[in-house]
Amino acid sequence: MKNFISQLPKAELHLHIEGSFEPELMFALAQRNQIEIPYKTIEEVKEAYKFSCLQDFLNIYYAGASVLINEQDFYELTIAYLTKCHEENILHTEIMFDPQTHTHRGVAFETVINGIQKAREEAQQKWGISSLLIMSYLRHLSEEDAFETLNQSLPYKHLIKAVGLDSSEMGNPPSKFYKVFEASAKEGYVLLAHAGEEGPAEYVWEAIDGLKIVRIDHGNNCLTDATLVDEIIKRDMALTVCPLSNLELKVVTDLKNHPLKTMLNKGIKATVNSDDPAYFGGYLNQNFTAIQEALELSKDDLVTLAKNSFHYSLLDDKRKSELIQLVTDYALNN
């Protein structure tokens, strides 16, 4: 199964580039940019990567991001992740980035996106990996702040496919952002949002009816509402599920209790993703392997998940068909 997963063609639809920040790179950039971080060694950084809830994780996540200053830093962060994609047979990835995490520190929007873009172009040329960018609004900040980010993004609209909504979910419902999502749609951005990770099913309803999103990030708690499950299936919406993230953030206490198989059995179009792999103990193949072992997923299940990842990507239909065909061919020969 491990070998089957490692060579399986797949896409990743839920990945925060700031969450792929390995301790070694963080430490190196902190030294290069002469930024004080509260860790004296790489081992201390690694130790800090252990946490008990979403807020613990976010604290170290934002502390880590503080060492990203120059275009070169954002390039190195992104190319390190895209190198992993090449190693793991990820043929397409949809990368979330958090501009407010950087602009609030005085780093220009242009610096962030140009560094990421340089790495995307290199990965496309070297390895044929396609990628799209999702600009995420931080939900613990105000809608007014999100509007500022939307305006900053407009000169780079040609580089950004979608907008998303992430950060602390509880107490920050999707309804807080209805206006900025409406404005984002008018600018041509595809609409996505995190909903139902720690928040209730009601937040998922708000995201699909109020924000008018086309894909749900996480969505675990949709299972507490049978009407919502029916609605998600009726609208043919996918969930971008992140098993190891759910385990690390105590959304589930044991992967054997993870709802992924239940989702598939109910007819929900789930996908597997790594979320913040440097912090949550594994990139995409490790997520696939861990959830396969815990839930005893069959090869057919894995093929379904891989096909879902392409089908519910934001690629055009022609490219989706080509990539799904690769999965079909691989499954026939393995």
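**Helix packing and the strands beyond**

Modeller: H2 and H5 are roughly antiparallel to each other, a label used for angles over 145 degrees, where under 35 is roughly parallel, 65 to 115 roughly perpendicular and the rest oblique. This is a predicted model, in which local features need pLDDT of at least 70 and side-chain atom pairs pLDDT 80 or more, while totals for chains, interfaces and linings use all residues. Residues are numbered from 1 along each chain as its sequence is written, and side-chain values use heavy atoms, without hydrogens or water.

The angle between H2 (residues 23–32) and H5 (residues 71–87) is about 170°, and their axes lie 11 Å apart. Axes are lines fitted to C-alpha atoms, for helices over the stretch in contact, with angles from 0 to 180 degrees between N-to-C directions. Helices (H or I, at least four residues) and strands (E, at least two) are DSSP runs numbered from the N terminus. H2 contributes Leu25, Leu29 and Arg32 to the contact, and H5 contributes Gln72, Asp73, Glu76 and Leu77; contact means heavy atoms within 4.5 Å.

Cys85 is buried, at a relative accessible area of 0%; buried means under 20%, exposed over 50% and partly exposed in between, with a 1.4 Å probe and protein chains only. The closest cysteine sulfur to that of Cys85 belongs to Cys242, and at 14 Å it is too far for a bond. The whole structure has 0 disulfides, a disulfide being a pair of cysteine sulfur atoms within 2.5 Å.

Now the strands. S5 (residues 190–195) and S6 (residues 215–218) run parallel and are joined by 4 bridges; strands count as paired when DSSP finds at least two bridges between them. S6 also pairs in the parallel sense with S7 (residues 238–241), over 3 bridges. Asp217 of S6 stands opposite His194 and has Thr240 as its bridge partner in S7.

S5, H10 (residues 201–210) and S6 form a right-handed β-α-β unit: with the strands pointing away from the viewer, the path from the first strand over the helix to the second runs clockwise. From S6 the chain passes through H11 (residues 226–234) to S7 in another β-α-β crossover, which is right-handed. In H10 the buried residues are Ala201, Tyr203, Val204, Glu206, Ala207 and Ile208. Their cover includes H9 (178–186), S5, S6 and H11. After H10 comes Lys212, with a positive phi near 65°.
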